[in-house]
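Hello,

Here is the structure I promised to hand over. Please open it next to this email, and my notes follow below.

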Amino acid sequence: MAELQCSTIDTTCVQGGWRPGDGDPRQVPIYQNTTWKYDSSEHMGRLFDLEESGYFYTRLQNPTNDAVAAKIAALEGGTAAMLTSSGQAANFFAVFNIAGCGDHVVASSAIYGGTFNLLAHTLRRMGIAVTFVDPHCTREQLDAAFQPNTKCVFGETIANPALAVLDIRKFADAAHGHGVPLIVDNTFPTPVLCRPIEFGADIVTHSTTKYMDGHGASVGGAIVDSGRFDWAAHADKFPGLTTPDATYHGVNYVERFGKEGAYITKATAQLMRDLGSIQSPQNAFLVNLGLESLHLRMARHAENGLAVAQFLSEHPKVAWVRHPSLPGDAEFALAQEYLPDGSCGVVSFGVAGGRAAAEAFMAKLQLAQIATHVADARTCVLHPAASTHRQMTDDELAAAGIGADLVRLSCGIENARDIIADLDQALAAI
Ligand SMILES: *Cc1c(COP(=O)(O)O)cnc(C)c1O
């Protein structure tokens with residue numbers, strides 16, 4: 001099968017990944033099987049030894065998943081990618097593939113709550129320490145967070161739900177200065193609106209559950225390797241990639257697969273083998289359907305997010321509004337640099353009158369529906385103080401940057417006039 005050369009993100013969204021041969025299914029088929037049959041044990045042995053590529057068991061690799069991963073790799077400008085069962089699994093594998101007990105990670109403090117728990121608590125129990133830094137810290141403050149055992153730096157292009165924009169160049173330069181890669185969770189902008197590898201990121205992760213699927217139909221994740229990080233140049237820091245793996249007959253991932261393929265091959269061969277967390281081929285198929293229209297949907301999400309933010313910023317019953325692309329927003333300059341074509345559909349704002357006003361307002365909404373989800377085709381809304389963060393006191397909420405009045409609105413791809421009319425009537429009613 002010839003690799004398709006797509007020059008634009010739009011065409012890659014539609015046509016990347018699956019290239020049917022003569023007489024093959026036009027759409028990527030769902031390989032629902034767990035296993036593959038071989039004529040000889042010798043042939044299967046070569047697959048197990050990673051001497052030959054081929055499929056034998058879906059926990060390790062599946063053609064449906066591989067086709068969808070190839071599309072995501074092409075969209076991000078990477079050399080290799082893998083799908084995982086969730087965004088949580090993607091971020092866990094991305095870090096754990098290169099950091100182990102006794103190691104250290106530098107992470108932006110403006111990250112998704114689930115990722116914060118993973119890094120601050122679960123990885124700590126596994127012996128991996130994390131230093132959190134304010135994403136807007138100076139280069140000197142960032143440099144001071146590194147230790148001799150630091151193995152990677154982690155951040156989110158647009159933080160969920162804080163909406164802080166990562167200065168990717170600053171974080172990449174610092175990471176590279178200390179001989180480690182930068183991992184960026186690019187869930188909110190998707191590669192349609194930002195490709196972190198172009199700014200120096202080495203590894204990109206996704207919760208495909210959000211905009212990539214886009215229809216609230218499947219939970220999933222992805223890891224993309226830029227293929228640029230020179231593991232061999234920092235071999236002492238990354239022995240797992242640069243010395244023989246006794247559990248795979250002594251394979252040396254960097255020697256065998258080069259810097260383009262070593263990281264993802266190791267994650268597949270070791271982490272998927274031992275920890276599971278595979279994407280189901282059925283869900284990979286659904287993600288691919290979402291990807292086929294991602295370029296169209298992201299443009300509308302971003303446009304609606306900005307239109308709604310503009311409307312709210314002028315409304316007397318709204319205390320404050322946050323959207324990275326809104327002129328005057330604290331993140332506007334960074335958004336212009338990294339997200340010139342738009343940022344995302346998520347807007348956070350405070351209803352004047354605090355917690356009670358936010359609750360009353362949300363109860364009046366009709367089109368925007370209350371859901372824990374974000375980044376869906378349908379507009380949805382969440383009051384963190386009353387739901388995801390309800391165990392926290394108002395003081396704790398304020399310390400976490402999530403006021404009791406904060407409403408997180410995820411603008412869908414409906415007509416912006418209808419979303420605004422719904423917000424307008426709900427604000428009028430309180
Ligand atoms: C939702 C989310 C995750 C976790 O993804 P799941 O698919 O829910 O496991 C990770 N990072 C970001 C930025 C997210 O929004």
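A pocket here is an open set of grid points, laid over the protein atoms alone, with protein on both sides within 12 Å along at least five of seven lines. A molecule sits in a pocket if more than half of its atoms lie within 2 Å of its grid points. The ligand sits in the largest pocket. Keep in mind that this is a predicted model.

**Around the ligand**

The shell around the ligand holds 16 residues. Asn160, Asp185, Ser207, Thr209 and Lys210 are the closest of them. What is the make-up of the shell by class? It has 10 polar, 3 charged and 3 nonpolar residues. Helix H4, residues 87-96, gives the most to this shell, with 3 residues.

In the side chain of Thr209, an N or O atom is 2.6 Å from an oxygen atom of the ligand. Ser207 also uses its side chain: a polar atom there lies 2.8 Å from a ligand oxygen. Gln88 works through its backbone instead, with an N or O atom 2.9 Å from an oxygen atom of the ligand. How much of the ligand does the protein bury? Taken alone, the ligand exposes 380 Å², and the protein buries 92% of that.

**Aromatic pairs**

I searched the whole structure for aromatic pairs, and the count is 13. One of them is Phe92 with Phe96, a stacked pair. The ring centres are 5.1 Å apart, with 20 degrees between the planes. That angle counts as stacked because the cut-off is under 30 degrees. Both Phe92 and Phe96 lie in helix H4. They are 4 residues apart, about one turn of the helix.

**Backbone points to check**

Asn160 turns up again here. A cis peptide bond joins Asn160 to Pro161, with omega about 5 degrees. Where is Pro161? Look in the loop between strand E4 (150-156) and helix H7 (168-177). Leu163 is found in the loop between E4 and H7 too. Leu163 is not a glycine, yet its phi is positive, about 65 degrees.

Best wishes

Key. Residues numbered from 1 in each chain as written. Predicted model: local features only at pLDDT ≥ 70, side-chain atom pairs only at ≥ 80, totals over all residues. Heavy atoms only, no water. Near = heavy atom within 4 Å. Polar contact = N/O pair within 3.5 Å; in protein donor to acceptor, adjacent residues only side chain to side chain. Areas by Shrake-Rupley, 256 points an atom, 1.4 Å probe, with all protein chains shown as cover. 1 Å grid on protein atoms, 1.4 Å probe; cavity = no way out; pocket = protein on both sides within 12 Å on 5 of 7 lines; lining within 4 Å. Helix = DSSP H or I, 4+ residues; strand = E, 2+ residues; numbered from the N terminus. Nonpolar A, V, L, I, M, F, W, Y, C, P; charged D, E, K, R; others polar. Phe/Tyr/Trp six-rings, centres within 6.5 Å; stacked < 30°, edge-to-face > 60°.
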